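Please take a moment with the sequence and the model before reading on.

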Amino acid sequence: MKKLAKQSLLTTISSYLGVLIGYFNVLWLMPYAMDPEQIGIFRTIQDMALLFVPFAQLGLGNGITRFYPKVKSEQFSFFTLSLLLTLLGFILVAILFFVFKETIISAFAVNSPEVVDFFGVVLFITLFSVLNTILDSFCRSFIKVAVPAFFREVILRLLVSILVGTYFLRFITFDHMMWGLALVYFISLMGMILYMVRIKVFKLKFKFKSFPAGFKTEFIKYSLITLLGTTGAILIMKIDSLMVSSMIGLDANAIYTIAFSVAVVIEMPRRAISQVVMPLVSEYFEKMELDKVGKLYKDVAVHQLLLCTLIFLGVWANIDNLYHFIPNNELYRTGKWVVLWIGLGKLSDVLFSINGEIIVFSRYYLFNITATLLMSIAVIVLNLFLIPIFGIEGAAVASFLAMFFYNLIKFFYIKWRLGFQPFSLDILKIVILGILIFFAQDWLLKEMEPGVGDLALRSVLIVLLYLGGTFVFNIAEETRASFLTFLKKIKRSES
């Protein structure tokens, strides 16, 4: 468990360091260096590429985590097979992209025609990203998630900073910067390969006959089925941005993108925790230790909600302060309510704990087909209905509703099939504490003007009230006791 805790901590640090760099990029550098239309192109191309990634991956990421314990003795043959299947998946996606190219062009031709000029960048980013996801999944099987997270969260964003900075200094043109975006993803991929070579977990081995009978068929079948679950999650995250570009325009997508980037920080602890617990969930199901899965379900719900609620309070209470520092903030401030709805959607992901991971690694993984089809249809229909009426706020509400009901369906299914549920009295306490603190800080500091002073004072007040509230409400008692014991040990060692 110490190894897991260390990896989780390092992954969380990388996530938040990446958030700081990402905030610098999205909230200051990009609005300063590019006009809204260019920001819209920049993000639309990235979102389109990342939307293609799960299709090209063929669901192999989850398949690797689940089936790795079965073939540890032939791990490098398994790794090679996964890479080859992924390349096949990318080739299929590329073929379909060219077959439906005219349809894709027509979707953007009216409101965002500039996007069409960079479709080649989309395919390159898709290729490098999908290969990176396979390397990431293989590292996760070794419980090596910290360094891949560093490449994914920090290095990638630093390279984007350098790329946009060179455009800002007029060393390159906008077209060069867009093609440089593909180079950024390629460099990140090369870094991952060098890291895996260094720790001796990157080796190509083509002895596929050594697998147990029926293993390859079972592995591919499982991966293709879980593909739908992965696709559904990505679709909910990315389709709104693409539909905003298509239905409103690139300027609107720039406003939406900045608001979305402000909100997405709320779920960072969930991402870090998920990377660490996935191998555990897979192992528990493999050994039929269902009681451990149920306990993990509850424990993760409390701890990640505790962290993410604090971040949500910090973001929403400081929303005017955050927009205050954005260049051309009067334009981008119109996305303020997008932050609230996307933030609530991310909290719904956190609230329902690791429901997706549990379904994926249980024998009921076929349910992902039903849940994903329902939610994929729902998110598209909701966007088509709400965007024309409410604009970018409509897209945000559509995402919130899709995320909430997607999680609700999975919650009821797990409760029915496995008898697990993530809720406890601590969950209710956290929700009540969050509401009380939000209104308290709003009342105490309502006369403050947006700026550095308000940001600092409000953030400190929220943290102090929140930490105090966890003791008053007696939230996560075991964790607090362990933390106090740890502090006492440090104190004794210093004396």
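This is a predicted model: local features need pLDDT of at least 70, side-chain atom pairs count only at pLDDT 80 or more; totals for chains, interfaces and linings use all residues.

From the surface we can turn to the aromatic side chains, for which a search of the whole structure finds 36 pairs. Among them is the pair of Phe 124 and Trp 179, whose ring centres are 6.3 Å apart and whose planes stand at 70 degrees, so that the arrangement is edge-to-face. This pair joins distant parts of the chain, since Phe 124 lies in helix H6 (residues 119-141) and Trp 179 in helix H8 (residues 174-198), 55 residues apart. Phe 124 is partly exposed, with a relative accessible area of 40%, and Trp 179 is likewise partly exposed, at 41%.

Another aromatic pair, that of Phe 367 and Tyr 413, is stacked, with 3.7 Å from centre to centre and 5 degrees between the planes. Here too distant parts of the chain are linked, for Phe 367 is in helix H17 (residues 367-390) while Tyr 413 is in helix H18 (residues 392-418), and 46 residues separate them. How accessible is Phe 367, buried or exposed? Phe 367 has a relative accessible area of 13% and is therefore buried, the limit being under 20%, and Tyr 413, with 12%, is buried as well.

Ring pairs can also connect into a cluster, and in this model they link Trp 341, Phe 352, Phe 400, Phe 404, Phe 405, Phe 411, Phe 412 and Phe 423 in that way.

Aromatic rings have charged neighbours too. The charged end of Arg 170 sits over the ring of Tyr 167, at 4.8 Å from the centre of that ring, and Arg 417 lies over the face of Trp 416, where the distance to the ring centre is 4.2 Å.

Finally, we come to the cysteines. How many disulfides does the model contain? The count comes to zero when a disulfide is taken as a pair of cysteine sulfur atoms within 2.5 Å. As for individual cysteines, Cys 139 counts as buried at 1% relative accessibility, and Cys 308, at 0%, counts as buried too.

Conventions:
Residues are numbered from 1 along each chain as its sequence is written. Side-chain values use heavy atoms; hydrogens and water are left out. Rings of Phe, Tyr and Trp (its six-membered ring) pair if their centres lie within 6.5 Å; planes under 30 degrees apart count as stacked, over 60 as edge-to-face and the rest as tilted. Helices (H or I, at least four residues) and strands (E, at least two) are DSSP runs, numbered from the N terminus. Buried means under 20% relative accessible area, exposed over 50%, partly exposed in between (1.4 Å probe, protein chains only). A charge sits over a ring if NZ of Lys or CZ of Arg is within 6 Å of the ring centre and within 35 degrees of the ring normal.
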